[in-house]
Amino acid sequence: MAFDGITIANLVKEFQETLVGGRINKIAQPEADELLITIKNNKTQYRLLLSASASLPLVYFTEKNKTSPLTAPNFCMLLRKHIGSGRIAAVTQPDMERAIEFRIEHLNELGDPCFKILVVEIMGKHSNIIFLNEERMILDSIKHVSCNVSSIREVLPGRDYFLPKTQEKKNPLTVTEEEFFQTVYAKPMACAKALYTSLTGLSPSMAEEICFRASIDGSLPPDGLSQAARLHLYHTFARTMEDVAEGRFVPNIVYNEKDEPVEYAALPLTHYGDAPVKTFASMSQVLELYYAQKDRITRIRQKSADLRRIVQTALERNRKKFDLQSRQMKDTEKMDKYKVYGELINTYGYNLEEGCKSFTALNYYTNQEISIPLDPTMTPQENAKKYFDRYNKLKRTAQALEEQLKETEEEIRHLESISTALDIALLESDLSQIKDELTEYGYIKKHTGGKKKALAKSKPLHYVSSDGYDMYVGKNNYQNEELTFKFATGNDWWFHAKKMPGSHVIVKSGSEELPDATFEEAGRLAAYYSSGRTAPKVEIDYIQKKHVKKPGGAKPGFVVYYTNYSLMIEPDISGIRQVEE
């Protein structure tokens with residue numbers, strides 16, 4: 001993701017505006033590679049999270065507190081000793097690097113003023129939090145790095161601190177036009193890659209963005225650009241860096257059509273086209289929300305992997321069964337032909353010669369002549385019986401297949417609805433309900449004994465329309481069933497995507513006439529929470545709940561209705577207010 005120098009610059013601006021002049025109130029180390037520092041400034045308390053995790057290094061303000069170990073680690077104790085009540089004097093970013101330096105003033109043992117520096121390096125698996133004295137000598141670090149681990153730089157107490165320069169990159173805030181041309185355009189690689197490998201603090205995503213703003217294909221090599229295009233790319237880059245230097249940041253998250261976060265940045269990302277974008281007041285909000293959402297989606301996908309595999313396997317099996325049954329049903333279409341053959345043999349076959357292999361007769365159903373194959377070893381009566389036997393066998397097969405096809409089709413629809421519910425699931429309790437349904441219908445074996453983990457009951461999603469009407473969305477078949485047949489009253493409105501698996505949406509009307517905007521918003525919810533959410537538009541059926549019926553013996557969430565209204569709507573729920581419950 002784009003935790004680059006520009007994101008750091010945005011954070012530094014945020015910290016300068018809120019922390020400078022503030023006093024450290026508390027220092028905790030909840031994880032081996034993480035600090036949580038509480039700072040009071042202007043009668044406000046801020047929690048600053050500093051993480052040097054190799055998998056997810058982060059720096060941002062957070063509202064959440066974390067439980068710390070009973071005995072503080074040595075690094076935490078050292079920080080408390082020196083800067084436990086220190087004042088944040090400055091927050092800086094060296095040369096657009098992925099590092100933040102906090103200059104902290106405090107009193108030494110003799111009561112004389114002095115300062116220390118806390119450096120946070122956000123560099124992937126090499127991330128670290130390093131504590132320096134006034135001479136920039138390392139006092140300690142949250143991770144010790146010896147010469148056995150790194151040949152470039154030791155991070156140990158007593159060593160002089162410096163930022164490792166593993167690549168010769170230019171500072172994008174100070175690079176001149178001549179230097180830009182000499183470094184970026186001299187590289188035999190794509191323009192976007194030449195940008196982020198030549199200039200400090202640029203991520204691949206931001207490099208692509210600069211190329212896009214300059215109307216240049218980032219995958220083209222620099223030597224494929226005209227002089228005018230090269231100059232335009234430089235000026236576009238320079239304007240972007242002006243925004244960074246002057247602090248004109250727009251923290252934002254780009255989402256995909258499934259409302260899943262794709263990318264974040266401190267500047268607008270226009271190269272994602274029409275993808276949904278949400279802007280925020282601070283980069284801290286972006287980082288906390290983005291990684292929380294990514295973590296939640298990843299965790300739910302991991303937990304739902306087994307359920308998805310069970311559903312997918314059952315779906316594939318039933319689809320193969322349906323195809324086989326359909327082919328067998330197609331074969332039974334010959335049965336009427338065999339019936340006609342038998343009747344015509346009985347009608348016209350009395351004067352057939354012995355050993356005849358076929359004969360032609362007038363089909364009195366169509367008034368056309370047809371040729372009927374005969375078995376020469378059989379009499380006309382035996383040939384007729386043979387065709388009638390074939391007809392009766394195929395007729396019985398067709399009757400059995402008709403019922404089997406209906407059952408298999410219902411099974412496929414049921415499994416597709418569960419698959420859609422897995423896509424909608426947000427919480428473990430949602431997955432628990434889906435697992436219960438799979439167990440009830442025999443896809444998962446029931447296990448007796450053992451205590452089942454208690455989970456909070458999964459609830460339908462709750463939205464409020466722009467006109468103030470409550471709208472509820474079922475997240476699985478059980479919730480759909482409960483919403484429609486237990487929660488909704490007769491005059492409430494029911495919405496569902498036409499002929500595709502999806503959620504039941506209930507609008508509580510209170511026996512009032514709903515405004516057009518509410519109908520549209522409920523339709524958008526029904527479209528979004530269906531298997532058609534990636535389509536440009538989805539057809540939605542809507543009707544008052546009193547006209548929705550459940551067939552006898554039908555699976556949960558399956559309904560019938562005979563008169564309804566329809567609308568075509570985009571599956572876009574941006575702007576519809578959700579109520580957190």
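Arg153 is buried in this predicted model, with a relative accessible area of 9%. Its salt-bridge partner is Glu121, and the N to O distance between the two side chains is 2.8 Å. Glu121 sits in strand S7 (residues 113-121), whereas Arg153 belongs to the loop between strand S9 (138-141) and helix H3 (177-184), so the pair ties together parts that are 32 residues apart in sequence. Glu121 is buried as well, because its relative accessible area of 0% falls under the 20% limit.

The salt bridges in the model come to a count of 18. Three of them are set out below.

| Glu121 | Arg153 | 2.8 Å |

Asp541 is in strand S19 (residues 538-544) and Lys498 is in the loop between strand S17 (493-497) and strand S18 (505-507), so parts 43 residues apart in sequence are tied together. Asp541 is buried at 2% relative accessible area, while Lys498 is partly exposed at 26%.

Glu105 is partly exposed at 29% relative accessibility, and Arg87 is partly exposed at 27%.

A network of salt bridges links Asp243, Glu246 and Arg248.

On the surface, Tyr348, Leu362, Tyr364 and Tyr365 make up a nonpolar patch with about 400 Å² of accessible area together. Tyr365 lies in the loop between strand S13 (358-363) and strand S14 (368-373), and is exposed at 53% relative accessible area.

Notes
Residues numbered from 1 in each chain as written. Predicted model: local features only at pLDDT ≥ 70, side-chain atom pairs only at ≥ 80, totals over all residues. Heavy atoms only, no water. Patch = residues over 30% accessible without salt bridge, like charges linked within 9 Å, V, L, I, M, F, W, Y side chains within 5 Å. Areas by Shrake-Rupley, 256 points an atom, 1.4 Å probe, with all protein chains shown as cover. Salt bridge = Lys/Arg side-chain N within 4 Å of Asp/Glu carboxyl O. Helix = DSSP H or I, 4+ residues; strand = E, 2+ residues; numbered from the N terminus. Buried < 20%, exposed > 50% of the residue type's maximum accessible area, 1.4 Å probe, protein only.
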